[in-house]
Amino acid sequence: GINAEYGDLGLAADVGTLQRLPKIVGSQSLVSEYCLTGRKVFSDEALRVGVVSRVLPDRSTVVECALDMAQGIAAKSPVAVQGTKSNLVYSREHSTQEGLDRVALWNSAMLLGNDTVTAMSGGKEFEDA
């Protein structure tokens, strides 16, 4: 589970927990509780507050689901996957309008490549990113 025990080490969390967790959880009081107390957060609570998208019963199911997800992502255009990842990270730290402006700029630049043309023409082959 989540565990922010930096206080036990005499440190403030320095790997992005303090910056990212409030945006994920959406409750400053809950994040403060986690970070100030170092209380462990287990899978059921992590799912309920939105830190994880699903909880799986065992390691083999985790591996199976991860491989299925990876295959699904790998079947997409590498340009689209990288653009989506880049724009998700950017939008996390910027306003909605700034995120919309950036993705519009990104997509207009990507129209110069062959992935969009190939996809629109019914083909499924994509160039390497």
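## Helix packing in a predicted all-helix chain

The place of Thr37 is in helix H2, where helices (H or I, at least four residues) and strands (E, at least two) are DSSP runs numbered from the N terminus. Because its relative accessibility is 52%, Thr37 counts as exposed; buried means under 20% relative accessible area, exposed over 50%, and partly exposed in between, with a 1.4 Å probe and protein chains only. Thr37 and Gly7 stand 30 residues apart in sequence, and their C-alpha atoms are 7.7 Å apart in space.

The model is a predicted one, in which local features need pLDDT of at least 70 and side-chain atom pairs count only at pLDDT 80 or more, while totals for chains, interfaces and linings use all residues. Residues are numbered from 1 along each chain as its sequence is written, and side-chain values use heavy atoms, with hydrogens and water left out.

The protein chain has seven helices and zero strands, and along the sequence the pattern reads α-α-α-α-α-α-α. Of the 129 residues of the protein chain, 18% count as buried. Contact means heavy atoms within 4.5 Å, and among the contacts in the protein chain with a separation of 6 or more, 44% are accounted for by residues 24 or more positions apart.

Two helix pairs can be set side by side in a table. Axes are lines fitted to C-alpha atoms, for helices over the stretch in contact, and angles run from 0 to 180 degrees between N-to-C directions.

| Helix pair | Axes | Angle |
|---|---|---|
| H1 (residues 17–25) and H2 (residues 28–37) | within 9 Å | roughly 140° |
| H5 (residues 78–92) and H6 (residues 96–110) | 10 Å apart | about 160° |

A crossing is left-handed if the near helix is turned anticlockwise from the far one by less than a right angle, and right-handed if clockwise. H1 passes H2 in a right-handed crossing, and H5 passes H6 in a right-handed crossing.

In the contact of H5 with H6, Val79, Gln82, Gly83, Ser86, Asn87, Tyr90 and Ser91 come from H5, and Glu98, Gly99, Arg102, Val103, Trp106 and Met110 come from H6. These residues divide into five nonpolar, six polar and two charged, where Ala, Val, Leu, Ile, Met, Phe, Trp, Tyr, Cys and Pro count as nonpolar, Asp, Glu, Lys and Arg as charged, and the others, Gly among them, as polar.

On the other pair, Thr17, Leu18, Leu21, Pro22 and Val25 of H1 meet Gln28, Leu30, Val31, Tyr34 and Cys35 of H2. The residues of this contact divide into eight nonpolar, two polar and no charged.

A nonpolar core is a set of buried Ala, Val, Leu, Ile, Met, Phe, Trp, Tyr and Cys residues joined through side-chain atoms within 4.5 Å. The largest such core has nine residues in all, namely Leu21, Val25, Leu30, Val31, Tyr34, Cys35, Val41, Ala46 and Val49. At least two of its residues are supplied by each of H1, H2 and helix H3 (43–49), and H2 gives the most, with four residues.

Cys35 lies in helix H2 and, at 17% relative accessibility, counts as buried. The C-alpha atoms of Cys35 and Thr17 are separated by 8.3 Å, although these residues are 18 apart along the chain.

Ala119 has its place in helix H7 (residues 114–120) and, at 41% relative accessibility, counts as partly exposed. Between the C-alpha atoms of Ala119 and Lys76, which are 43 residues apart along the chain, the separation is 9.9 Å.
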